[in-house]
Amino acid sequence: MSTYDIIVIGGGAGGLAAAQAAAANKTSVLLIEKDARLGGILNQCIHNGFGLHHYREELTGPEYAEKAIDELTDKTLNIRLNTTVTKLNKEEDRFFVTYMNKEEGERTVTAGACVLTTGSYERTRGAIALPGTRPRGIMTAGSAQRYINIDGYMVGKRILILGSGDIGLIMARRLTLEGAEVVGVAELLPHASGLTRNIVQCLHDFDIPLYLSHTVTDIKGKETLESVTLSAIDAKGRPKKDSEKHFDVDTLLLSVGLIPDTKTFDGITFKEDPRTGGAYVDQHFETSVSGLFASGNALHIHDLVDFVTEESLIAGKAANRYVHRLKNKKKNHIRVNPGEGIDYVLPQRIDTTSKKHPVTFSFRVKEENAQATLRLCQGERVILEKKRRFLTPPEMERLILPVKKTLDVETPLTLHLEVDEG
Amino acid sequence: MKKSMICIACPVGCHLEVDESLNVTGNRCKKGESYAVEEMTNPTRILTTTVAIDSRLQRRISVKSADPLPKAKLFDCMPVINKVRLDPPVKRGDIVVRNILDTGTDIIATRTIEE
């Protein structure tokens, strides 16, 4: 049985960074990717706007992926492409990964630590219980993106998009440039889910209407999609009478959210955070299973790939430290809770015995706030206080706890948001 | 007539209004003013799209304009780019269309396809 120090599952932005960091100090790493090439979803995200934080230049998705791949120079890094992981187990202190590919068939390999960078999947029609018939022509925005940008197929001529997530907005522009007519984007919420720059550059630039507080209330068509009905919804989420708008379209794209994808194989279970849909981790991205790390969209959904890279570099480095010296280290965890106004916060717990590195908290707010004060507290004691402007749910926010701040080793941390007047 | 727009120079997203003499209101900083004036006088965008490639891995290769193009010319550029057929190997940064529609800007590959 082949033995590695660390196995990284998933070769997208997260896996590339995790593998790079994990392979330092002659550490043997196996990076497993299900597709024929590395880079993951970046390969189909041909638009620009990536890399401003991490590479300090504006890149397209494929360029960002190639830069990250070029950085994989460690000779101790092994890569398996076209390879699917079917099982992940831990026995005593070893991880056992079973994978399949054409060349090797089914094989089990072992490692001392494992990083999950398996990305996310798109919420589908079934998940949001769309009414009406089930003709062809209804697909997720990410599938349409792959058909057009990788496979070279156009998906339709007249298109409606449900959900104002970033992928849907990006596809509205892409389809318009390729000659389709995008008749509108409907959003259930009273505000857009995507980044402002995408609303401007993908919708406003092409005069594509955005229907806020609207949802699909009927779908017609036997073989292929014929029409979609939108209705305005009231404050309780119920369709308003006589608010129907009918659209004769051949395609309906769904951009209604991403879900961390960590259950594609059998075996190991770890504690999950119902708020993020991903693992429950400490500041080194170690899950509830000792030696198992998770980062990137497999952990929580990011709006910028730069932070996937940053997070995964930390996770990879932590896996490296774990196999070399920290395997049997005693830990002391305190919980981190989302308080008033905070939707979720990561990490969900802190190991207080680890004091060498600043802790970056990632979080999303529940509502738009023009001005607010963020307070990280242990009980009544305020550990960190920061004022922030223009916090919105679509933008992931970050707060850094410097090394010099000392924490009580027993009291949970809570991140509170207080709205400032004026 | 006033034109309204959302500033995307930073995440704040100020709601701007610009009149015909290019007076900008609603901005909280100088960036908003220059953004609005640029949008009114010479709006430009990076164009990203794909061209056909005869590769065993995939049928399209991603490309972009090396510099921002005038927004009004984006639709005119698309048929020019869509006529291109490439054969591997193509390297990231290779010029796919030189000086597209006399804009002075090249269309370049944004990924490498070796075979």
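Chain A has 422 residues, and for that number a compact globule would have a radius of gyration near 22 Å; the chain has 23 Å, which agrees. The radius is taken over C-alpha atoms, and the globule rule is 2.2 Å times the number of residues to the power 0.38. This is a predicted model, in which local features need pLDDT of at least 70 and side-chain atom pairs count only at pLDDT 80 or more, while totals for chains, interfaces and linings use all residues. Residues are numbered from 1 along each chain as its sequence is written, chains are lettered from A and ligands numbered from 1 in the order in which they are written, and side-chain values use heavy atoms, with hydrogens and water left out.

Along its principal axes, the C-alpha trace of chain A spans about 65 × 60 × 40 Å. The chain contains six helices and 28 strands; these are DSSP runs numbered from the N terminus, with helices being H or I of at least four residues and strands E of at least two. Of the 422 residues in chain A, 56% are buried. Buried means under 20% relative accessible area, exposed means over 50%, and partly exposed is in between (1.4 Å probe, protein chains only). Among contacts in chain A with a separation of 6 or more, 62% are between residues 24 or more positions apart, where contact means heavy atoms within 4.5 Å.

Next comes the meeting of the two chains. The size of an interface is often given as the accessible area lost when the parts come together. Chain A and chain B bury about 2700 Å² between them, with 54% of it on carbon and sulfur atoms; this is the accessible area (1.4 Å probe) that two parts lose on being put together, summed over both. On the chain A side, Glu66(A), Leu177(A) and Phe390(A) lose the most area to chain B, together 21% of what that side buries. In terms of contacts, 33 residues of chain A touch 27 residues of chain B.

Helix 5 of chain A, residues 196-203, has Asn198(A), Ile199(A), Val200(A), Cys202(A) and Leu203(A) buried. Their cover includes helix 4 (166-177), strand 12 (181-187) and strand 13 (210-212) of chain A, together with strand 1 (3-6) and helix 1 (30-41) of chain B.

Some backbone details follow. The peptide bond from Leu346(A) to Pro347(A) is cis, with omega near -10°, and Pro347(A) sits in the loop between strand 22 (342-346) and strand 23 (349-351) of chain A. In chain B, a cis peptide bond with omega about 0° joins Pro88(B) and Pro89(B); Pro89(B) lies in the loop between strand 8 (85-86) and strand 9 (95-97).

Asn25(A) is not a glycine, yet has a positive phi of about 55°. It is in the loop between helix 1 (13-22) and strand 2 (29-32) of chain A and counts as exposed because its relative accessibility is 60%. Phe285(A) also has a positive phi, near 65°, and is in the loop between strand 19 (266-267) and strand 20 (292-294) of chain A. At 10% relative accessibility, Phe285(A) counts as buried.

Asp420(A) lies in the segment after strand 28 (413-419) of chain A and, at 15% relative accessibility, counts as buried. Leaving aside neighbours within four places in sequence, Asp420(A) is in contact with Gln371(A), Ala372(A), Thr373(A) and Lys387(A).
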